[in-house]
2 protein chains.
Amino acid sequence: MAARDYGQYGGVARSLELVGERWALLIVRDLLVGPRRYSELAAGLPRIPSNILATRLRELQEGGVLRRVPHSRVIVYELTEVGRALEPAVLALGAWGLAALGAPRDDQVATADSLTIDLRSAFRPAVAAGLPPTAYTARFGTTELHIRVRGAALEVERGGGECDLAFAAGPDIRSLLSGELAPELAIATGVVEVLRGRGRLLTRFATTFRLVA
Amino acid sequence: MAARDYGQYGGVARSLELVGERWALLIVRDLLVGPRRYSELAAGLPRIPSNILATRLRELQEGGVLRRVPHSRVIVYELTEVGRALEPAVLALGAWGLAALGAPRDDQVATADSLTIDLRSAFRPAVAAGLPPTAYTARFGTTELHIRVRGAALEVERGGGECDLAFAAGPDIRSLLSGELAPELAIATGVVEVLRGRGRLLTRFATTFRLVA
DNA sequence: CGGGATCCCTTAGGATACTG
DNA sequence: CAGTATCCTAAGGGATCCCG
């Protein structure tokens with residue numbers, strides 16, 4: 001009835017029984033950004049077979065992690081309170097994975113939802129709290145995100161919008177966020193292209209979002 | 001070469017490729033407590049087939065999460081720096097799973113290592129920082145742990161030792177840690193049996209370690 | 001068109017036995 | 001003790017099809 005279990009009585013084992021199956025935490029990741037429909041989830045997880053997506057949604061629902069909400073004609077999946085409580089764990093995993101990330105291969109995609117969670121994983125509230133409110137528009141490949149930092153609060157939304165700095169970033173933005181590449185150099189070498197606003201704010205961006213703790 | 005991948009470029013997907021395979025995070029969990037030999041890992045994960053354990057150890061080594069250290073005749077597995085960086089993620093998952101834990105079934109075991117991580121998941125450093133140093137000896141079933149809290153620091157070791165309070169706890173200690181059951185009632189109902197020391201300290205224990213944050 | 005279900009094949013996982 | 005080897009089952013993957 002529960003997913004196949006580990007025969008252990010403990011927190012980690014229980015978590016893995018509920019959300020440890022393949023693809024499950026990626027579904028949770030996308031739902032942490034907001035409620036999504038089946039087809040949106042499928043689009044954000046291009047390689048998931050549709051039967052697996054359906055199976056995982058059912059299992060996660062039975063485990064109390066998410067619920068199906070019928071909205072007139074369409075069905076929307078959203079996290080329950082229990083499911084939202086996974087956020088710290090998902091962000092911690094995200095932060096660890098970001099540090100272990102190499103260069104993107106060309107068979108890999110970065111979706112809006114995954115980028116959003118990546119930003120939240122790399123966000124440093126304690127640092128941001130000491131900085132003035134700032135809005136960025138960031139374009140990664142074809143997806144554009146509107147990022148607003150107000151004190152220790154972060155909001156990320158799809159699409160552009162009013163901002164203090166708009167930039168387009170290539171994959172090497174990793175080196176900017178890891179501190180290997182100075183912001184001025186990132187601009188000079190074309191890793192980051194300033195589209196609008198004050199390029200100096202890229203320094204603030206790079207201290208607000210950072211890999212490795 | 002890497003584990004089968006998700007076709008996504010992002011922190012969470014990368015983490016899951018490295019430590020998302022079945023059993024992998026339970027191995028990491030036990031190694032977070034300390035270096036372990038193959039047979040110790042096998043004993044702590046009673047249901048893992050030995051070929052799977054061997055496969056996981058190899059994959060985790062290739063992923064840079066752990067290393068094999070030959071010690072004269074025996075081989076010891078220990079986490080690398082990268083592997084130890086998984087601690088926040090494992091503890092976050094542990095805390096979430098603890099909150100989702102029901103009563104133990106009799107086909108489930110609780111090992112010393114899993115109990116140790118559970119305690120670390122439930123530990124509240126901010127609360128502990130305001131309390132005097134305290135040492136506990138806790139017996140869960142047949143395993144005994146020596147727990148020392150000094151300010152915001154926690155140490156958990158196998159076995160007993162000098163302590164301010166020694167107690168034996170049944171599975172229902174869950175309700176104590178979740179706040180459903182008052183410490184006095186836990187003692188009165190036999191959920192917790194005080195073996196030595198001041199039973200009043202159980203209240204301190206229950207505020208130092210707590211489910212749900 | 002959204003939300004799946006079915007089919008078939010490949011691969012990983014599980015149980016057990018065995019070896020340097 | 002620290003793993004391989006083998007065999008079998010069950011889960012994942014990919015394509016296609018279906019139904020309201």
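How many residues lie between strand 4 of chain B and strand 5 of chain B in their hairpin? The legends below take up this predicted model view by view, with local features needing pLDDT of at least 70, side-chain atom pairs counting only at pLDDT 80 or more, and totals for chains, interfaces and linings using all residues. Residues are numbered from 1 along each chain as its sequence is written, chains are lettered from A and ligands numbered from 1 in the order in which they are written, and side-chain values use heavy atoms, leaving out hydrogens and water.

**View 1. The hairpin of strands 4 and 5 of chain B.** Two residues sit between these strands, and Gly141(B) in the turn has a positive phi of about 60°. Strand 4 (residues 134-140) and strand 5 (residues 143-150) run antiparallel, joined by seven bridges. Here strands are DSSP runs (E, at least two residues) numbered from the N terminus, and two strands pair if DSSP finds at least two bridges between them. Look for Thr134(B), whose bridge partner in strand 5 is Val149(B).

**View 2. The hairpin of strands 5 and 6 of chain B.** Strand 5 also pairs with strand 6 (residues 153-158), in the antiparallel sense, over six bridges. Ile147(B) has Val156(B) as its bridge partner in strand 6. Two residues separate the strands of this hairpin, where Gly151(B) takes a positive phi near 60°.

**View 3. Chains A and B around the rotation axis.**

Conventions: Least-squares fit on C-alpha atoms with pLDDT ≥ 70 in both. Helix = DSSP H or I, 4+ residues; strand = E, 2+ residues; numbered from the N terminus.
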